[in-house]
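This is a walk through one protein structure for someone who has not seen it before. Please have the sequence and the 3D view open while reading.

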Amino acid sequence: MIIIKSHHEIQLMREAAKVTAEILEMMNDIIKPGISTAEIDHIVEKEIRKHGMLPAFKGYGGFPASVCASVNETIVHGIPSDRRLEEGDIISIDTGTIYKGFYSDAARTYPVGEVSEEAKRLIRVTKESFFEGLKYCKVGYRLGDVSHAIQKHVETNGFAVVKDFVGHGIGSNMHEDPQIPNYGKAGRGPRLEAGMVLAIEPMVNVGTDKMRILDDEWTAVSLDGSLSAHYENTVVITEGEPEILTLGSK
Ligand code: MG
């Protein structure tokens, strides 16, 4: 069942999302060669708690940290560690907050120093695919229209959509209905209604769309070791244009 949120609930999510957005903006200055993913996690957790919020990911399903830090071929769910970032890496940071029981969830992929042209293009196309999907985040469209638009943009650019993970409704739980695949047929699926809040999150690989999970039972990597990127926002469906809660000011 897709839960329609009240104005009050959306306001709480807006507050939660503002902190997530600020943190993701902050990462542009923090992510550089030499920093470890555990250090990034520590900074993010401190920042979330400074605002009187809770890190949405810590302890979620047993996940041990406040961010998923997914480097290079890691698609999602990378566990922060003492691994230090190196020039030319890319890293996806996925994080979220809980404010008065309501969640926000967002992700970006960042270049570490100077990266390859292919990495730059992957990051750009992944972000663009979110905004292609967003065009259909309006009353009158169906979820399949969103999914299809994302897939089309990714594949037109020669990359592969990860199919093992999907976006999701979000509210007083991090993962609610509906599931939001980043692939699918236009004109199918639930109709979008004002008050739905969706975490839309394309995950895109340079090579194969297939993945495997490492022995830590979390880290998902592309099966062929090719680079992977992630871009996610928490979005409210309104009577007019969609509102992206986690976008930030820049
Ligand atoms: Mg999510």
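The model is predicted.

Begin with helix α2, which covers residues 37–50 and has 14 residues. From its first C-alpha to its last, α2 reaches 20 Å, close to the 20 Å expected at 1.5 Å a residue. Its buried residues are Thr37, Ile40, Asp41, Val44, Glu45, Glu47 and Ile48. These cover an arc of only 165 degrees around the axis, which puts them on the same side of α2. On the face turned away from the buried side of α2 are the exposed residues His42, Lys46 and Lys50.

What does the buried side of α2 pack against? Its buried residues pack against α1 (7–30), β1 (54–55), β2 (67–71) and β4 (90–99). Just after α2, glycine 52 takes a positive phi of about 75 degrees.

Next come the cores. The largest nonpolar core has 40 residues, and Met27, Ile31, Ile40, Leu85, Ile91 and Ile93 are those with the most contacts inside it. At least two residues of this core come from each of α1, α2, β2, β4, β5 (102–111) and β9 (197–200). The most is given by α1, with ten residues.

Leaving aside neighbours within four places in sequence, leucine 85 is in contact with Ile31, Lys32, Pro33, Gly34, Ile35, Thr37, Ile40, Val71, Ile91 and Val112. A second, separate core has 28 residues, including Val115, Cys137, Val235 and Ile244.

The last stop is the metal site. Which residues coordinate the magnesium ion? They are Asp105 (OD), His168 (NE2), Glu201 (OE) and Glu232 (OE), at 2.1 to 2.4 Å. Along the chain, the donors follow the spacing D-x62-H-x32-E-x30-E. Histidine 168 lies in strand β7 (residues 167–169) and glutamate 232 in the loop between β13 (228–230) and β14 (233–236), so this pair ties together parts that are 64 residues apart in sequence.

Are these two residues buried or exposed? Histidine 168 counts as buried because its relative accessibility is 4%, and buried means under 20%. Glutamate 232 is also buried, with a relative accessible area of 0%.

Notes:
Residues numbered from 1 in each chain as written. Predicted model: local features only at pLDDT ≥ 70, side-chain atom pairs only at ≥ 80, totals over all residues. Heavy atoms only, no water. Helix = DSSP H or I, 4+ residues; strand = E, 2+ residues; numbered from the N terminus. Expected span 1.5 Å × (residues − 1). Buried < 20%, exposed > 50% of the residue type's maximum accessible area, 1.4 Å probe, protein only. Arc of directions from axis to C-beta. Contact = heavy atoms within 4.5 Å. Core = buried A, V, L, I, M, F, W, Y, C linked by side-chain atoms within 4.5 Å. Donors = N, O, S within 2.8 Å, 3.2 Å for Na, K, Ca; no water.
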